[in-house]
Amino acid sequence: MTDEPRRLRYSLGRPVEPGTPFVDLVPPKEAGEPSTGQSSLARELRRARAAQKKAAGRADPRRRTATAPLEQDRRARRALRKYAALDPDAAVCAWFAEHEWEPFAFQEEVWDAYRAGESGLIHAATGTGKTYAAWMGPLLEWLRDYPAATRRAGAPPLRVLWVTPLRALAADTEAALRAPLIDLGIPWTLEARTGDTTPAARARQRVRLPTALVTTPESLSLLLTRENAAQLFAHLECVVVDEWHELMASKRGVQTELDLARLRRFRPDLRTWGLSATLGNLESARDTLLGMDGAGQPRPGRLVRGLVPKAIGVDSLFPETIERFPWSGQIGLTLLPQVIATIEEGGTALVFTNTRATAEIWYQALALSGVSWADRIGVHHGSLDRAERERVEDGLRSGELRCVVCTSSLDLGVDFSPVDRVLQVGSPKAVGRLVQRAGRSGHRPGAMSRVTCVPTSALELVDIAAARTALEAGRIEARPPVERPLDLLAQHAVTVALGGGFHADELYREVRTTHAYRDLPRDEWEWVLDFITRGGEALRAYPEYAKVALVDGVYRVTSRMIAMRHRMSIGTIVSESSLKVRYVRGRTLGTVEENFIARLRPGDRFTFGGQPLEFVRVRDMTAWVRKAPSAEGAVPKWSGLRLALSPELAHAVRVKLDEARRGIFDAPEMEKVRPVLELQAAWSLLPKPDELLIERTESREGHHLFVYPVEGRLVHEGLAALFAYRISQLGPITFTLAANDYGLELLSAERAPLEEALEAGLLSTEYLFNDIPASLNAAEMARRQFREVARVAGLIFQGFPGQAKSVKQLQASSGLIYEVFAKYDPENLLLRQAQREVLERQLEQSRLGRTLARLGGGTVTIVETERPTPFAFPLLVDRLREQLSSEKLSDRVRRMADPLERAAGPDVPAIPRFANLRSARPR
C-alpha cells in the first residue's frame with residue numbers, strides 16, 4: 001500500500017472531456033490550514049455543484065432574467081437615455097421600428113381605447129400581434145403618468161394581471177412581455193404564478209406581488225383565498241385574458257368569470273381585455289368576458305377586429321389509388337413518403353394528429369423511416385411528463401428539432417417562429433381547429449399560414465374540401481359559454497369565504513354580475529349556502545362537509561384543515577383514469593390509460609413518448625417499465641376527447657355531397673374521391689342537403705338499417721339509441737348500434753318496422769326530453785359524470801401530494817355519495833347538473849334536437865340495397881373493431897371488401913343496383 005492519495009476523475013453527472021485534469025479527492029492539507037470539520041471531498045463536491053448550477057442557470061433561457069439582472073439594468077439605463085425625450089406613443093413606435101415592425105391600426109385602436117378607460121375583446125388571427133395590442137396600453141398609460149424625470153427607483157405594486165389557459169404558455173408569454181419593459185426602461189417587475197412556480201418565487205410573492213403577473217385561472221383563484229386579497233389587488237388596473245376562445249366554453253371559463261367579478265368588487269373601474277382567435281360568436285364572447293352591470297345589462301365593451309389579412313392555404317396529400325370502400329384508418333401510413341417530402345420542404349414542421357395514439361404511431365414511423373434527421377424528431381401530447389414537453393418546446397424554439405408530432409397540446413399561443421410547415425393527419429373535424437393549427441406556420445404578421453392535410457380514409461377528403469370551402473366563406477364555429485354550474489359556484493363561495501369572508505346578499509349580487517350566473521335564482525343560491533355550511537340535506541350529519549361557518553353575519557372558513565384541503569382542490573380539471581409511466585431506475589415519462597395497463601402482462605412491450613418500453617409491474621398507481629430493444633408491441637390508447645364533425649363542417653360536407661350528386665367536383669380532393677361517390681350514387685344515392693338517406697340491407701348478420709344524417713358522431717350516437725328505443729316501442733326487437741361522422745347503423749335479427757316508425761314519429765322532437773334518458777341509460781352515465789361534479793364541488797378529496805387516491809377510490813367515494821343523494825335527497829341540484837352535463841356535453845342534446853327538426857322537415861328516402869354501399873362499409877368496420885379476434889383487422893376488412901369490389905367491377909355501373917327506391921315524408 002502507498003500513502004499517496006487515490007486520484008479519480010469525476011464530473012458530477014457530466015461527461016469528462018479528454019485532457020481534463022485529475023482532481024484530488026483527498027488533497028494534501030496546507031500547513032497551518034484550520035480545520036473546518038468538513039472533509040476535503042465535501043468541500044470539492046460543494047464547489048463543483050455550485051459551479052454546475054451556475055452554468056445551468058446561464059444555459060437555461062428561462063432563467064436569464066434571474067441570473068443577468070446587471071445586463072437588464074444596463075439595457076434599462078440605455079433605454080431611459082434613448083427614449084426619455086420622446087412622448088409615450090413615439091417611444092413605442094420607435095421600439096416597434098427597431099424590430100422592423102409597424103403598429104397595425106387595430107393595435108393603436110386598442111391602445112387608445114385602453115387609455116380612455118374601456119374594456120373589450122381583441123379578435124385577430126394567430127400571429128398578428130394580439131399580445132402587444134393588449135400589453136402596450138398599460139405601458140403607454142404608465143409612461144404618460146410617470147415621465148422619465150419623475151420615475152421612482154422601486155417597482156410599482158401589481159397593476160396588470162395576465163391570465164393564460166395553459167401553464168406551458170406562461171414562460172413564453174412572460175418572455176414576450178418582458179422585452180418592451182427592458183427596452184423602454186420601464187421599472188416594472190414581471191413574474192409568473194402557476195403550478196410550476198418555484199417555492200422561492202411563491203414565498204417572495206406572498207410578501208409582495210410583481211407589477212405584472214402571468215397566471216392561470218386556478219392560480220388566480222388561489223390568490224383570492226388569501227385573507228388580504230383586497231389589499232393584494234388594491235392597485236390593479238387591468239386584466240388580460242389570453243386565448244379566451246379556449247376558456248369560455250368550459251368550466252374554467254366560468255371560473256375566470258367568477259374571479260373577474262371578485263376583482264371588480266375590489267376595483268370597480270378595472271379594465272378587462274380578452275384575446276381571441278378562430279371564434280364565430282364574438283359578441284357573445286365579449287359579453288361573457290365583461291359580465292353584467294348592476295342593472296343586469298351587459299357591460300359596455302369594444303370589439304376590436306384585427307384587420308391584418310392572414311392568408312391561409314389548405315392543400316392535401318393523395319394516395320396513388322383510392323379504394324372504393326373506405327374505412328377509418330384505411331390509408332394508414334401509405335402517405336409516409338409524401339409526408340417526409342413535405343417536411344423536407346421547410347426547416348421545421350409540426351405534424352398534428354387528432355389522438356395521442358396516432359401521434360405515437362406517426363412519431364415511430366418517422367423515427368424509423370431512415371431519414372437523415374431521424375434524431376431531430378420529437379413527440380408532444382398531454383400525457384407526456386411536463387419536463388419532456390418543455391424539452392420538445394425548447395427544441396422547437398432553438399431549431400434543434402426538425403419535426404414534432406403533436407396533438408392539440410401545441411394548438412395554442414406558443415410562438416414557434418422557426419416552423420415552416422404544418423401537417424394535419426386525419427380530418428380536421430372543425431374549421432376553427434384547422435385555422436388554429438395552420439396559424440402555427442407563418443406565425444408572424446403578414447406571413448402566409450399553410451396547412452397540408454393527410455387523409456386517413458377516402459371520405460376524409462370530402463371533409464378537407466368542405467373545410468376549405470367553409471374557411472373561405474368565414475364559417476367559423478361558435479363556442480357557447482357554460483351556464484350556471486352549481487358545483488363551481490359552491491367551490492367559489494368557499495374560496496371567497498377563505499379570502500376575507502362574505503355577506504350572503506353581497507356575494508349573491510356579485511355572482512349575478514357574471515354571464516354564467518346572471519339568472520341565478522335566489523332559491524339555488526340559498527341551496528349553495530346550505531350546501532357549503534351543512535353539506536345539504538343528506539350530509540348534514542357529517543362535520544367535514546360543513547366547510548363554512550356563519551360568524552357575526554359573515555361566512556368564513558374557520559378550520560385550517562378545510563382551508564388546506566380546499567386550496568389543494570381548487571380548479572375544474574379532473575384527473576383521468578390514468579397511471580404514471582416510470583422507468584424502474586429513472587425518470588417519469590408521463591401517464592397512460594389505466595385500462596390499457598390492465599391488459600398488459602410483465603414482459604409485454606409498447607411504445608410511449610416514442611420509446612420502446614417493456615412493462616414490469618404496477619405499484620403505487622405507477623406503471624414501472626424498462627427500455628426494450630425494439631418497438632414491437634401495442635400503442636397506448638387514451639380515451640381523451642372524441643372529436644366529431646362540428647356543425648359548420650357537417651353543413652359544409654352535406655353541401656359538398658350535394659354538389660357531387662349534381663356532378664360538380666370543383667376541388668382536387670373531390671376529384672380524387674370521385675370514384676367512391678359515384679359508386680355510392682350508383683348503388684344507392686347521394687343525399688340532398690334537406691334529404692335523409694336510409695339504406696336497408698340484409699346479410700348473414702341480419703337486417704341492417706344505415707341512416708345518414710351527416711351531423712357528426714356524437715349526434716349520431718344519440719340518434720342511434722333514440723331510433724332503437726322508439727322503434728322498439730312498436731314491438732320487441734333487439735339492435736346492435738354503430739355510428740361515425742356520416743351516419744349510424746341499426747342491426748337486428750329481424751326486419752325492423754321502419755315505415756311504421758316513421759309514421760309514428762321516429763323523427764319527431766316531441767317527448768325528446770323523456771326519450772333520450774330512457775334510450776341511453778342516462779342514469780348510469782350521470783353516475784360516472786357525477787365524479788367530476790363531486791370533485792369540483794369539494795365532496796371528494798383527491799389526496800395530499802405523494803398520497804393521491806387511486807381512480808378506483810375516487811370512483812367509489814363519488815358513487816357512494818351519488819347513492820346517498822339519490823336515496824335521501826333526490827332533488828339535489830348536483831344530481832340534476834350531472835344529468836344535464838351528460839346530455840349536453842356527451843350527447844349534444846341541443847344539437848340532436850335541431851337535427852331532428854331538420855330531418856323531420858325534409859325528405860326521407862329509403863333505398864333497398866343488395867349489398868353494403870361505400871357509405872355503409874365504414875360503419876361495418878367500426879362495429880368489427882369491437883369484436884375479439886386473433887386475426888388482423890386489415891385482413892378481416894380486406895376479406896369483406898373483396899367481394900364488394902368484384903361486384904362493383906372495374907367501372908362504376910351505369911344502372912343503379914337496388915331493388916326499389918321510394919320517398920316518404922313522416923307525419
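**Cavities, cores and loops**

Modeller: The largest cavity holds about 60 Å³ of space. Keep in mind that this is a predicted model.

Biologist: How many cavities of 30 Å³ or more does the search find?

Modeller: The search covers the whole structure and finds 3.

Biologist: Which residues line the largest cavity?

Modeller: Its lining is made of Arg654, Leu657, Pro687, Lys688, Glu691, Tyr708, Pro709, Val710 and Arg854. By class, that lining has 5 nonpolar and 4 charged residues, with no polar ones.

Biologist: And how much space lies in the second largest cavity?

Modeller: About 50 Å³. Phe531, Ile532, Gly535, Tyr545, Lys547, Ala793, Gly794 and Leu795 line the second largest cavity. That lining divides into 5 nonpolar, 2 polar and 1 charged.

Biologist: How does one spot a space like that at all?

Modeller: A probe the size of a water molecule is rolled over the atoms, and this shows where empty space is left.

Biologist: Let's zoom out. How many helices and strands does the chain have?

Modeller: The chain has 35 helices and 28 strands. Of its 923 residues, 53% count as buried. The accessible surface of the chain is about 41100 Å². Carbon and sulfur atoms account for 51% of that surface.

Biologist: What about contacts along the chain?

Modeller: Take the contacts with a separation of 6 or more. Residues 24 or more positions apart make up 74% of them.

Biologist: Now the inside. How many residues are in the largest nonpolar core?

Modeller: That core has 54 residues. Leu350, Val653, Met670 and Leu677 have the most contacts inside it. Helix H18, residues 460-472, gives the most to this core, with 8 residues.

Biologist: Pick Met670. What is Met670 in contact with, leaving aside its neighbours within four places in sequence?

Modeller: Met670 is in contact with Val462, Ala465, Lys656, Ala660, Phe665 and Leu677.

Biologist: Change of topic. Where is Thr256 found?

Modeller: Thr256 is found in helix H12, residues 251-266.

Biologist: Why does Thr256 count as buried?

Modeller: Because its relative accessibility is 1%, and buried means under 20%. Leaving aside neighbours within four places in sequence, Thr256 is in contact with Pro217, Val241, Trp244 and Leu247.

Biologist: And Leu236, where is its place?

Modeller: Leu236 is in the loop between helix H10 (229-232) and strand E7 (238-241). Leu236 counts as buried because its relative accessibility is 1%.

Biologist: Which residues is Leu236 in contact with, leaving aside its neighbours within four places in sequence?

Modeller: Leu236 is in contact with Leu158, Arg159, Val160, Leu161, Leu263, Arg267 and Leu270. Take Arg267: Leu236 and Arg267 are 31 residues apart in sequence. In space, they are 7.1 Å apart, C-alpha to C-alpha.

Biologist: On to helices. Which residues are buried in helix H5?

Modeller: H5 runs over residues 105-115. Phe106, Gln107, Val110, Trp111, Ala113, Tyr114 and Arg115 are buried there.

Biologist: What covers the buried residues of H5?

Modeller: The cover includes helix H4 (88-98), strand E3 (120-123) and helix H6 (130-145). E7, strand E8 (271-276) and strand E9 (302-305) are also part of the cover. Just after H5, Gly117 takes a positive phi of about 90 degrees.

How values were computed. Residues numbered from 1 in each chain as written. Predicted model: local features only at pLDDT ≥ 70, side-chain atom pairs only at ≥ 80, totals over all residues. Heavy atoms only, no water. 1 Å grid on protein atoms, 1.4 Å probe; cavity = no way out; pocket = protein on both sides within 12 Å on 5 of 7 lines; lining within 4 Å. Points joined across faces, edges and corners; volume = space filled by probe spheres on them. Nonpolar A, V, L, I, M, F, W, Y, C, P; charged D, E, K, R; others polar. Core = buried A, V, L, I, M, F, W, Y, C linked by side-chain atoms within 4.5 Å. Buried < 20%, exposed > 50% of the residue type's maximum accessible area, 1.4 Å probe, protein only. Helix = DSSP H or I, 4+ residues; strand = E, 2+ residues; numbered from the N terminus. Contact = heavy atoms within 4.5 Å. Areas by Shrake-Rupley, 256 points an atom, 1.4 Å probe, with all protein chains shown as cover.
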